[in-house]
Structures are given as structure tokens and as C-alpha cells.
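These are my notebook entries on one protein chain. I set down what I looked up, item by item.

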Amino acid sequence: MDRSSTVAQQAQLAMVIGSELAPFETLISQLMSSSNDLRSSAESLYNLAKQTNPNSVSLKLAHILHSSPQTELRAMSAILLRKLLTRGDSYIYPSLTPQTQASIKSTLLSSIPREDAKSISKKLCDTISELAYSILPDNGWPELLPFMFQCVSSDSPKHQEAAFLIFAQIAYYVGDVMLTPYLKELHAVFWQRLTSSSNADVKIAALNAVINFIQRLSNPSDRDRFQDLLPAMMQTLTQALNGGQEVTAQEALELLIELAGTEPRFLRRQLVEVVGSMLLIAEAESLEEATRHLAIEFVVTLAEAREQAPGMMRKLPQFISRLFAILMKMLLDIEDDPLWHTAETEGEDAGETSNYGVGQECLDRLSIALGGNTIIPVASELFPVYLAAPEWQKHHAALIAIAQIAEGCSKVMIKNLDQVVSMTLNSFQDPHPRVRWAAINAIGQLSTDLGPELQVQYHQKVLLELAGAMNDFHNPRVQAHAASAILNFSENCSAAILLPYLDGIVSKLLVLLQNGKLMVQEGALTALASVADSSQEHFQKYYDTVMPYLKAILINATDKSNRMLRAKAMECISLVGMAVGKEKFRDDAKQVMDVLMSLQRSDMETDDPTTSYMLQAWARLCKCLGQEFLPYMSVVMPPLLKSSQLKPDVTISSVDSDDENAESDDESMETIILGDKRIGIKTSVLEEKATACNMLCCYADELKEGFYPWIDQVTPTLVPLLKFYFHEEVRKAAISAMPELLSSAKLAVEKGLAQDRNEGYIKQLSDYIIPALVEALPKEPDTEICTSILDALNECLQISGPLLDQSQVKSIVDELKQVITASSSRKRERADRAKVEDFDAEEGELLREENEIEEEVFEQVGEILCTLVKTFKASFLPFFDELSSYLTPMWGKDKTPEERRIAICIFDDVAEQCCEAALKYYDTYLPFLLEACNDESADVRQAAVYGLGVCAEFGGFVFKPLVGEALSRLTVVIRDPNALHSDNVMAYDNAVSALGKICQFHRDSIDSSQVVPAWLNCLPIKGDLIEAKLVHEMLCSMAERSDTQLLGPSNQYLPKIVGIFAEVLCAGKDLATEQTTNRMISLLRQLQQTLPPSALALTWSSLQPQQQLTLQSILSS
């Protein structure tokens, strides 16, 4: 800026912050100007004034808000002042002088009685609330609460409403700590205004305040003190409806929905009355649809509030059946729109109304929330009635409902498969095409939700009906949907089931591909792809017939209307290629990839589906061709990287903003409310990004060291995405890619493909990836993804663990402590849920499923600790000591068998890997280990007896005093009548192995003439193949040194030993290593030469005929 401009701006600044108000008012007007230039220069001057003299700016804004006759100026001043008084980048309150602070607080409060414009009054209340949030906790505004009580008690509805608006936000911001001392007064004012006010705005503001307050009360007994307000809260709703004020009623419903979602148990004592009122509203056809939909949303939200009120809504079966009937009736609100019959792509939902959409969505949510035991009895009464009615709409509604409830009711529906499938298949012959479409839709959904049981039991009936539907050339939409249902059916279907029907299905789909409309062709391609994927190498038979059609579409479907057809042809070609394998596909693959390359170089429109399909097709082609795909990587990678680096398309607006675009109907936008912000995210961008990230992971996994040239570009792209919270699929892909990238780099260095790079490069990569995974753990909101992070971290440690330094190991261990603590806390919360009065068997089942996911977290923690122990041996023990207070509680009887097993395995690894250095832990852990040998769980027993074997091998003098106790524990496991049952055989084999180690390392502490033959009698072991190899090698060593206790007096156990050798040798490579096998053969040959013929004949005769033949063959070769 030149000197004259600077002087001019300084002059303007002096006027703006001078004693006259007019120049400042002009500046505020210019900030609202439609002229970009004028507005831009006004913003620069305003920002300069703010920096130069914040006191003057804030006082002037407060003055305009208080006194200006111009509505627009007061509104703009409220917005600007709120920004200055809200914690964040623009927050200036602490830098103001005490006099300015006092003046602003006083002016804000005195503006409330003066302000007549409702929208500005609300902005004023927002500004007061924001400032209160920052300064109330430090007692920075002692006048505020008395002022609010004064307003609430005044006769002015305007004052009352304003006070409640501020109460609502203060409760939201500062919680119950500051307001708890006023519980009695608050209860009184809430009661007074909810019961006696005739002003709808005041009642809604009071309802908002009381609901916000109840949500923030952490003490249940404090919440209970407000229970008696519930009838008055509900009265706000009923009075508005009786007075024809539906907008007010809708506001009340939205507030009550919020309460139902966050504090459902507050409603419990009056649940029957509250839910009954809501269902009356939902049933009242004279009311607006929006009002009825909100009443339904309230009841469904209550049903979904499982974590806070498990099982509560299942106690009201009469209401559930009423709600189900309401939702079914909403599905009847559908018209037979001619657009649907034309079978143009976009007409699938033609004739569906908003009632229909709400009914469909809420049936799905209700069934997931309440489960099959509650929903199926209700549905079973209604469905037959609807299907027997004369109206096609009722048939259609029943079939749509079957599809909607299948996910939530799957366990119960699987038990009644015959009834469900028959009901659906009977409608395939319905005279109305929309009903036939709905029947196909239901079969598709049932194939997904009730598979593979449905496929195993009903493949013949279902595939026959779908084949018939594909012949419906008068109704292309029905045809297309039948082809799509083949996709659902085959995804959950084994190749063996599909095989007898392949000829018929493939020939039908080829007919549709040639004769059908565009939609039918697309459906046929999707079905072909899925059938090929499910039947794998069996599809080779059809390859030569199918591939020419697919290539023709790929090459010729070039105009805009055929974009999706061409995209689906790509998908189909790549899946067929993967199914039939490289040898069969190779020649066509070259031609297909040439087409894809030319497409990739062309300018495609941003909404072209080809991009996403092409990313996936390339990756499948790579999987099929392996290293032969490498020459194409230079073409594939640039657009893939570009897609993976897409920025999320996000719009942020205020929840209460008047922005017309805020409530967008754009289906590609997903909206979430976060606090007082509405965040809109373009889902198509996120899906493309997720696809690209998945493909990068796929290439790294498939090409191994061949992926090396792209590691330096891909790693900095994917590592930040470990914390990409807009889309979990992006995070999952980034997590999965981390070990693949490290592995690829390590292989490239080892095979000399990484130019001049050495282990230092792997260390550098590891130092970037491993800390990033560790940092992502505490921030990950999803427990299953947390498990994936731990799994990826473990894989990375196995690849580059030895390159870690002490501080890095410490950070991993510290984070594992937090993971264990967070997991225990979540389990405690679930245990508390189980104590709630309405808790039932259905909730118990869901709780078990959640706890199983939690066990996977601890299992991965155990895997990581075992990897660290194996990597660092005794130098890891100081960290193990730190962790012991987190791990020892897991041995307790109150823990699940899986937790106990994992805790034992961790100690087993410490004892095995750290040998002498681990002896100091024996006193602490061996008593647990001995007790666990006889645990009810076979998995726990296996881990415990394995640990005893490790301690016998490495425990020396520390283990010696416990040999007798160990023997008796192992004997119980070995002699159990069901020891060789498939559930118990692993524990048995490990107990036999441990017994062998006691014989080997503590012979002087046992009666070997009894114990060694007892051990020999247990051989061979055949369940745990790892232990089998070790045990049979131990037997071989003892036989080689002619162990007297093993051979017995006068070699009486020799036939037994030869018999064991014969069984081991007959099993091929399963029960012994090649080296052990050779040693056994050598021993048997020695016996042949040294034993007297009579003794040899006796030994031989004890063998099975098959064993004799096998041995003769082996020994003669």
C-alpha cells in the first residue's frame, strides 16, 4: 500500500473509532453491501479498527445493538459482537478494560427489554449466552442469573422468552455445576410458565430450557426432582395442537425428540401416557404430515435409545403393534405412476410419497432397535391380512415391509424361513408388476440378511422364480430387478450350490444383455459379474461366449446415456478375469487395458461414474495379473493418487441460519448437526476418495516390492488419513495400507530394488508410520476400527520392530495402557446397562455382541505385547512391569474366558522369550497358571498347560518345587473322559507336550518309571500340529539315546514306540518335520538290523496292516 493510501486509511480509521457514531454505523452498513469491492474495503477497515481499538469497536457495537432505530444495523451488530465475545480466533473480551467489560455486560442486559424484533432478540440472547459461557465459571457476571430470574418472573412474555432462551444455552454450555444451587428456583419458574403462560413462544422457550437443563444434570436424583414437570411439558404440545398451532407443536415435538434420544429414562414413569399421546398424533390424519412424522420419530427415537434405556420400549407391546400398523398404513401412500412403467433409470421411486419414505425408513430402524422377538409376532398378524386384501398397494406394502425388517429380525426370521420365503415367492405371480417388483426386492434383501441359510435351503425355488421374472419382457423394470436379485443371492452363495444353475442363469443374462433396455442390460451385467465372482474357476466354461459381449459394450457404449452401462461392463470384465484366472484372461486383458488407458486419458466429466468403476477395475486386473501388471502402474497411479487426495466438499452453517441452501434436498449431500453448527458433506467425493485409498492398499498388497516406486508418494497421502473422521472407509483403507507399505519397502531393500537405500530408509518410514498409528488410537471413535489400528500396528512391529528405540516402545506401551483403560470403562458402562430395570434377554444378546468386539481389542493388545516381547526379549521387561497392574486383573474369575486366555498367553510369551530374566515373575504368575489348567474353558486350559510346559523348560530350580502340583494338574486334563473331543483336543495335546517337558527337564523330581510310560501312552498327538512336531522330535531324541525309562524293562515299550513312529510316518508331513521323519526311518532301519527276528516279528505284528505296508514301503525304498 502506498503512503497516500495509508494516510487515507488512517484518517478513515480515526473517524470510525472517534467520538461520533455515524461513521461507524456507515462502516457496518458497508459490511452488508452487495458490492464486493465496497464490502471488501469495509472488512479491511473493520479488522484494522478491531486490532487498533477493540474497546471502542465493542462499545460502539453494543450501543448500536441497544439504541439504533435501524433493524439491519442492530442485527449486524449482534452478529459481530457475538463473534468478538465467543471463544475462538476473534475472542477479544479478556483484552478489554474493566470499564468496557462492565459497560458491555450492562448494555447487553438492558437491550433485552428494548428489543422488539424477534430475530434480533434471539441473536441478542445468543450473544449473552456466548459471553456467559466464557466468564460465568469464574464468577465474571454475578448480575446475570438474578437478572434472568427477574425476567422470568416479570409480566412481559418477551422478557420471559428471552430469559428462557438464555437459560437453555447456559445449561448447554456450563452444565449443571453452576445451576445446581438454583434447582428449587428453576423448578418453580419452569412449572409456573409451562402451566400458566398463555404465550406459545414462552412455553416453547421454557420447554427448550427445561429439556436442555434435564440433559445436563449429571445426578439422577436431581433429574427426578423435575419429573413432575413432564405432564406440563406434554401439555405444551397438546395445547398447541388443540389451538391449531401446528408450527408451535412441531417445535415442541423436535425438543421432545431430543429429550427422548438423550434422557429416555426421564420419560419412563409416564411412558404409557407419553407414547400413547404420540401415537394419537401419528394416527390423526387431519394433522399435517410433518407433525405426524415427528410424533413417529419421537417413538422410534425412544426405541433406539438402547444405551440409556435398554429394553424399555419392549415392555409396551400394545404400542409397538399400533406403531407398526401406522407405518404399514403409510406404505399404502403410493401412486401407480406411469413413469415407473417406462423403465427409465430415474423412475424407480416414481409414485412414492413422503409418507411412504418415512414408513419405509422407520420400519427398518424400529426392527433394528427392538429385534425380531418383538417385531415378528406383530408383523405375522398384519402381513397375511395385507397379502389377502384385494388392493395391490397392500400386497406391495407387505413385501416392502418384509424387506425393511429383515436386517433387524434376521435371527428370528431364519427360524421361520419357510413361512417368510413362501409368503414372498407366492407374490412373484401377482398380476400387478409393482407387487412383483416388491417381491423380487424382498427376495434380494432376504438373500443378503438371511444368507447363507436361505441359499442352502431354498436355492431351487428362489432361482426358478427369478429366472421366470427375467422373462417378463413386458415389464423391463421387473426384469432388471430380477437380474439385480441374482447379485444378492449369489453373494451369499457357495459355488457348489450355484453350479447346477449356471447354464440357465448365464444364458438368460446373455439374452437380457442383447435384447433388453438400458436398465435391464445394466442389471444383467451386475448379475453376471456376481455369478462369475461366486463360481470362480467354474465360470471358465462360459468365458469364450461371455467375454466378446462384454468387450463390445466396453468399446461401443460411448455416448453419455451409456456411461453407467460401460462402467458396469468394466466391473464385469475385471471380475470375470479374476474368476477364470490369468492364463485364460491374459490375451483379452491386454485389449481391455488399452481401452481403459485411452478412457483415462480422455476428459471425463466430474459426475461420470466411470472414474470410480475404473479405479476398481484396474485393481482387480492387477490382482488377476500380479507382477505382469507392473507396466501399467505408471498409467494407473496418477489419477488414483489424485482421487485419494480429494478434499472433502464441506459446507458449514449455523443451525438457526436463514440460509436457503442450509436444508438442501441434494441427495449427494449428507448433513450432520454438531453443537450449533450444521455441517454438509458431499458424499460422492468421499466415496471416490475411499475407493481410491482402498485401491492403493490393494496394489501395495498385490505387487509387494513392485510397489516400491510409489511408496514415497502414497505414504504421505495415506498417513494423515488415519484421522480422516469424515468417512470411516477412508480411515479403514489407510490403516490397512500401513503394514503393506512397510512390507513393500522392506522387500525392495532386501531384494536390491531400492536403488542405494538401505535399512535406514525402512527406519525412516517406520518412524513416520508407527507413531501415526499410535496417535490415531486414542482419537478413534469406533471400537472395531480401533481393533484394526492395533492389528496394523502389530503387523508393522513384526516388520520393523527391531528398529524402534526405547522412547518409541514407551509411547506404544503408554497408549496400550490407555486402550485397556478405555476398554474396561466401556465394559463397566455396559455392565451398568445390564442393571437397568427394563433390561431383557434381547438386550443381553446385544450386550454380548458388543463385549465380543471389546474382547478383540484386548486380543490385539495381547498380540502387540507378544510381538514386543519376541522382538526385545529381556530388555522389554521394564515395560512389562509397568503393564502388570493392567494385566493381572485380567486373570480374575470375573473376567471372560477370552480375557483370561489372552492374559495367560502374554505371560507364556514372557516366560518363553525371556528365559532366566523371567524367573522373577514365577512366584506371582505360576499359582494363576496352575489354577487355570483346570478352567472350564478349553482355550484357557490350553494356554495354561502350554505355559506350564514353558516353565518346565526354562524354570529350572524355581519350577522344581512345583513339579508335583504341575503333574497332578496335567493328569486331570489328560485323563478327562472327553479329552480327545474336538473342543478339548488342543488343551490335551499341549498338556501331553508339557508332561514331556517335565520328563525331559525334571526327571530327578518325578517317578520316571511311572511318568515316562504314561507320557508315551498319550502319543502320537494329532490336534495341535505345532506341538505334535516338537513332541515327536522329543520322542525321537529319547529313542536315539536308548532312554531306559522310555524303552522299559526288557524293551517292553518298543512295540508302542514303533507303532507311534508308524502313525507319524503314515501322516506324511503333518505330525513331524522332514528331519524328524528321516531320524525315525533311520532308527527303524537300525532296529531291523539289530533286533532278533522273533522280537522284530512281535513288534511288527502289533501294527495295523496299513501301517505295516507303509513301513515296509518306506524301509525298502
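How many helices and strands does the secondary structure of the protein chain come to? I count 55 helices and three strands. I note at the outset that the model is predicted.

**Entry 1: the chain overall.** I looked up the extent of the protein chain and found that its C-alpha atoms fill a box of roughly 125 × 75 × 70 Å along the principal axes. Of its 1117 residues, 54% count as buried. I then turned to contacts with a separation of 6 or more: residues 24 or more positions apart account for 72% of them. For the charges, I find 96 positive and 149 negative ones, with mean positions 3 Å apart.

**Entry 2: the annotated span.** I consulted UniProt, where an unreviewed entry lists residues 41-114 as "domain: Importin N-terminal". In the model, this span is 78% helix and 0% strand. The end C-alpha atoms of residues 41-114 lie 32 Å apart.

**Entry 3: helix α14.** I checked the length of helix α14, residues 246-262. Its 17 residues should span 24 Å at 1.5 Å a residue, and the computed distance between its end C-alpha atoms is 24 Å, so the two agree. I next asked which residues of α14 are buried. They are E246, T248, A249, Q250, A252, L253, L255, L256, I257, L259 and A260. The buried residues of α14 pack against α11 (200-216), α13 (230-242), α15 (271-283) and α16 (289-304). As background, I recall that an α-helix has 3.6 residues a turn, so residues three or four places apart point the same way.

**Entry 4: R566.** I located R566 in helix α31, which covers residues 563-580. Is R566 buried or exposed? It counts as buried, because its relative accessibility is 8% and the cut-off for buried is under 20%. Leaving aside residues up to four places away in sequence, I find R566 touching I553, L554, A557, T558, L599, D608 and T610.

**Entry 5: C796.** I located C796 in helix α39, residues 783-800. C796 has a relative accessible area of 0% and is therefore buried. With residues up to four places away in sequence again left out, C796 touches M738, P739, L742, I769, I770, L773 and G801. I also looked up C796 against K873, which is 77 residues apart from C796 along the chain. The C-alpha atoms of C796 and K873 are separated by 18 Å.

Technical notes. Residues numbered from 1 in each chain as written. Predicted model: local features only at pLDDT ≥ 70, side-chain atom pairs only at ≥ 80, totals over all residues. Heavy atoms only, no water. UniProt positions renumbered as here; feature names shortened; annotations may be inferred. Helix = DSSP H or I, 4+ residues; strand = E, 2+ residues; numbered from the N terminus. Buried < 20%, exposed > 50% of the residue type's maximum accessible area, 1.4 Å probe, protein only. Contact = heavy atoms within 4.5 Å. Lys, Arg positive; Asp, Glu negative; His and termini not counted. Charge placed at Lys NZ, Arg CZ, Asp CG, Glu CD. Expected span 1.5 Å × (residues − 1).
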